[in-house]
Amino acid sequence: MQVARMFLDASGSAPLTKRTIEAFQAGLAEGWADPARLHTESRRSLALLDGARAAFADALGARPEHVHLAPSAHLALERVIAGINAARRGRDRILASAIERDATLHAARHMTAGNVTLLPVDSLGHVDLDRLADELCVPDVALAAVQHGNHEIGTLQRLEAIADLTAAARVPLVVDATATLGHVPAPARWDAVVGNAADWGGPAGLGIVALRPSTRWLPVWPEGDDWAPGGVSVPGTLAAAVALQERLETMATTDARLRAMVDRIRTAAASWPGVDVVGDPDERLPHIVTFSCLYVDGEALLTSLDREGIAVGSGSACTSSTLEPSRVLASIGALSHGNVRLGLHPGVTEAQATRFLEVMPRIVARLREQAGAPAL
């Protein structure tokens, strides 16, 4: 008897719900025309984009005119970092936490010719506030880039304290909320914030940027469109807005259910020999859990689980090379190989969590035996 597959890798992308798919289909029917033109069909497409932008603005606590759309979260991060950096003439250094996603660090290093200071984090993934305060005392900082929550270990940053420091130093705070929007309340303190529609269950290929009215930025790219050269998908944008609204409507009940499920998985994994569960157990996202298994190869672990019909993440979540050892785990002093990363979407059931917990110890034991690992 074939076992139904389980998708437990919804960190960065998630299955589309029926309501989201229906919105996408409606967008295909009504929003196929170029929204930049002036005829009735194009105005209909533009109205759909404007409605979606208003929904994003409401979720972020911003005004629609300060919300911008980009063809991907990566491009959104690149453009907002480049634009704010360009406006901060005379300041040529960017601060970023050591566990920022690669897209943020690549953009920061490119814009500053490598003049990026990585802020250390503690063993749970929280930014060192004393180090941040010290770095902000030097008047060469163009901006500080800090995640709201980490997409790999689930730790939520203490943004209130971070924002107090950056505001006192008059340094713009760019917040990467690509792992948190739709899962927890949106961050309240930021000068610019970036979201990823695919992470909250929208179609892939849409990044959201919101700027405070006081945030200065300058375009440093050749296209006439400041954020989305060539435009964005109207059906995808409409579906992303509907997906976000659906997540917000059910956030309280989903949070409680997934948080309890993750607590159960964390407790079980911590009891397995040679397994290290990472991330803050309390100040965290409700749906992400990661643990590392000593003497186990990450690729073999992922493949073995996939053969059992269970899709999980392993290796680094923030690089294009899926199985590259995790830079995030190395930054917090955890084992960076043999890790399993679970991202639970709202459709995951208790029965699926139970099956994962039954299968996992057996696979780890078999892989250790095959590798000739010492007994634990």
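Analyst: A residue counts as buried under 20% relative accessible area, as exposed over 50%, and as partly exposed in between, with a 1.4 Å probe and protein chains only. The model is a predicted one, in which local features need pLDDT of at least 70 and side-chain atom pairs count only at pLDDT 80 or more, while totals for chains, interfaces and linings use all residues. Residues are numbered from 1 along each chain as its sequence is written, and side-chain values use heavy atoms, with hydrogens and water left out.

Leucine 38 is exposed because its relative accessibility is 67%. Leucine 38 sits in the loop between helix H1 (18-30) and helix H2 (40-60); helices (H or I, at least four residues) and strands (E, at least two) are DSSP runs numbered from the N terminus. Glutamate 65 lies 27 residues from leucine 38 along the chain, and their C-alpha atoms are separated by 20 Å.

Within H1, the buried residues are Thr20, Ala23 and Gly27. They lie on the same side of H1 because they cover an arc of only 60 degrees around the axis, the arc being that of the directions from the helix axis to the C-beta atoms. The buried residues of H1 pack against helix H7 (234-249), where contact means heavy atoms within 4.5 Å.

The interior can be described through its nonpolar cores, each a set of buried Ala, Val, Leu, Ile, Met, Phe, Trp, Tyr and Cys residues joined through side-chain atoms within 4.5 Å. The largest nonpolar core has 47 residues, and Phe56, Trp200, Leu206 and Ile208 touch the most other members. H2 gives the most to this core, with six residues. Leaving aside residues up to four places away in sequence, phenylalanine 56 touches Val67, Leu69, Trp200, Leu206, Ile208, Thr237, Ala240, Ala241 and Leu244. Another core, of 31 residues, lies apart from it and has among its members Trp272, Val289, Phe291 and Val296.

Helix H8 (residues 251-270) gives the largest share of the lining of the largest cavity, four residues. On a 1 Å grid over the protein atoms alone, a cavity is a set of points where a 1.4 Å probe fits but cannot get out, and lining residues have an atom within 4 Å of a point. Grid points are joined across faces, edges and corners, and the volume is the space filled by probe spheres set on the points. The count is one cavity of 30 Å³ or more, and the largest cavity holds about 60 Å³ of space. Its lining consists of Gly182, His183, Arg247, Met251, Thr254, Asp255, Leu258, Pro286, His287 and Pro346.

The buried residues of H8 include Met251, Thr254, Asp255 and Leu258, and also Met261, Val262 and Ile265. What covers the buried residues of H8 includes H7, strand E9 (275-278), strand E10 (288-293), strand E12 (339-343) and helix H11 (350-370).

Two loop residues complete the picture. Arginine 170 is not a glycine, yet has a positive phi of about 55 degrees; arginine 170 lies in the loop between helix H6 (159-168) and strand E6 (173-176) and is exposed, at 71% relative accessible area. Tyrosine 295, also not a glycine, has a positive phi of about 65 degrees. Tyrosine 295 lies in the loop between E10 and helix H9 (298-307) and is partly exposed, at 39% relative accessibility.

Note on methods: On a 1 Å grid over the protein atoms alone, a cavity is a set of points where a 1.4 Å probe fits but cannot get out, and a pocket is an open set with protein on both sides within 12 Å along at least five of seven lines; lining residues have an atom within 4 Å of a point.
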